[in-house]
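Please read the points below with the model open beside them.

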Amino acid sequence: NSGQLGLGDTVQRSSPTQVGSLTNWKLVVGGFYHTLALKTDLSLWSWGYNTYGQLGLGDTVHRSSPTQVGSLTNWKSFVGGVYHTLALKTDNSLWSWGYNTIGALGLGDIVARSSPVQIGSLTDWKLVVAGGYHTLALKTDNSLWSWGHNYYGSLGLGDIVARSSPTQVGSLTNWKSVVAGYYHTLALKTDLSLWSWGYNYFGELGLGDIAHRSSPTQVGSLTNWKSVVGGWDHTLALKTDNTLWSWGDNTDGTLGLGDIVARSSPTQVGSLTNWKSVVGGDVHTLAIQHGFA
């Protein structure tokens with residue numbers, strides 16, 4: 001309804017439809033109602049909902065077709081929150097734009113931006129992820145940083161105070177990866193232990209209860225986690241033995257456990273050990289098995 005499919009109209013589709021005819025796309029990610037994509041020449045393109053400038057095109061006009069963000073061809077990766085966007089350039093500088101009422105852009109204020117603005121001047125950023133209204137990023141020294149919405153402790157800073165500038169999560173430099181759900185956060189350490197914090201009403205933190213956390217808390221005691229992803233209010237993870245696990249909200253069967261009962265602890269999805277990757281959407285989940293893709 002905002003042109004987020006990039007097909008030049010606002011007509012919904014129930015089957016895959018090619019976006020244009022070009023075959024030079026490299027990477028694509030979706031925000032809540034907006035989409036961003038990278039071409040092989042490292043140019044960045046966006047389309048969809050743009051009320052807060054999350055397309056980075058210098059205005060707040062929706063687009064129904066891919067439109068290039070500026071003219072530079074030095075973009076590396078990017079993520080979309082509900083209404084905000086963040087991106088890394090090839091020089092490891094970090095940029096943001098879009099909705100900023102709670103400081104999710106990390107620019108030290110709460111002013112929305114409709115064009116990419118660099119976060120600080122450092123070029124030591126490694127990875128960035130966006131939750132609903134909060135942001136987390138890893139630096140090249142494996143330190144973890146967060147900013148934005150923090151009412152449920154989703155920044156992992158030991159409180160529920162919002163931040164408008166990057167703030168380090170603890171002092172450790174052993175973080176490997178981080179992902180964000182709508183209001184909850186999960187991260188892997190280099191020893192393959194899994195940690196979570198933030199909103200936990202449905203048990204999406206995997207800690208066996210529904211109490212929110214404002215500081216990183218280890219999920220169990222095992223160190224055999226391979227990857228983790230956050231859906232809206234649910235979580236999925238792969239272990240090193242390629243088993244698939246899920247927990248959190250399950251109202252629509254998003255956990256893949258054959259029922260609609262929420263879980264507050266990691267629960268194995270079936271008994272197979274051939275899972276390759278998994279992603280969590282709003283209230284749905286998709287995964288690929290080895291041997292099939």
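The numbered points start with the basis of the model and then go through the features in turn.

1. Basis. This is a predicted model, in which local features need pLDDT of at least 70 and side-chain atom pairs count only at pLDDT 80 or more, while totals for chains, interfaces and linings use all residues. Residues are numbered from 1 along each chain as its sequence is written, and side-chain values use heavy atoms, with hydrogens and water left out.

2. The four-stranded sheet. Strands here are DSSP runs (E, at least two residues), numbered from the N terminus, and two of them pair if DSSP finds at least two bridges between them. An open sheet is formed by 4 strands in the order S9-S10-S11-S12, with antiparallel pairing. Its edge strands are S9 (125–130) and S12 (163–168), each of which pairs on one side only. Neighbouring strands of this sheet are turned by 20 degrees against each other on average, direction ignored; the axes are lines fitted to C-alpha atoms, and angles run from 0 to 180 degrees between N-to-C directions.

3. The S11 and S12 pair. Strand S11 (residues 144–148) and S12 are antiparallel and share 3 bridges. Ser146 stands opposite Thr167 in S12.

4. The S17–S18 hairpin. Strand S17 (residues 225–230) pairs with strand S18 (residues 234–239) in the antiparallel sense, over 5 bridges. A hairpin of 3 residues connects S17 to S18. Val228 has Ala237 in S18 as its bridge partner.

5. The largest pocket. A pocket is an open set of points on a 1 Å grid over the protein atoms alone, where a 1.4 Å probe fits, with protein on both sides within 12 Å along at least five of seven lines; lining residues have an atom within 4 Å of a point. The volume of the largest pocket is about 960 Å³, a volume being the space filled by probe spheres set on the points, which are joined across faces, edges and corners. Its lining has 31 residues, and Gly30, Ala130, Ala180, Gly230 and Gly280 lie nearest the centre. At least two lining residues come from each of S1 (25–30), S5 (75–80), S9, S13 (175–180), S17 and S21 (275–280). The lining divides into 17 nonpolar, 13 polar and 1 charged; Ala, Val, Leu, Ile, Met, Phe, Trp, Tyr, Cys and Pro count as nonpolar, Asp, Glu, Lys and Arg as charged, and the others, Gly among them, as polar.

6. The second largest pocket. This one holds about 420 Å³ of space. Residues lining the second largest pocket include Gln4, Phe32, Tyr33, His34 and His284. S1 gives the largest share of the lining, 3 residues. The lining comprises 4 nonpolar, 6 polar and no charged residues.

7. Salt bridges. A salt bridge is a side-chain nitrogen of Lys or Arg within 4 Å of a carboxyl oxygen of Asp or Glu, and the count comes to 7 salt bridges. In one of them, Asp9 meets Arg13 at 3.0 Å, N to O. Another joins Asp159 to Arg163, with the closest N and O atoms 2.9 Å apart.

8. The Lys139 pair. Which residue forms a salt bridge with Lys139? The partner is Asp124, with the closest N and O atoms 3.7 Å apart. The pair links distant parts of the chain, with Lys139 in strand S10 (residues 134–139) and Asp124 in the loop between strand S8 (113–118) and S9, 15 residues apart. Lys139 is buried at 8% relative accessibility, whereas Asp124 is partly exposed at 22%. Buried means under 20% relative accessible area, exposed over 50%, and partly exposed in between (1.4 Å probe, protein chains only).
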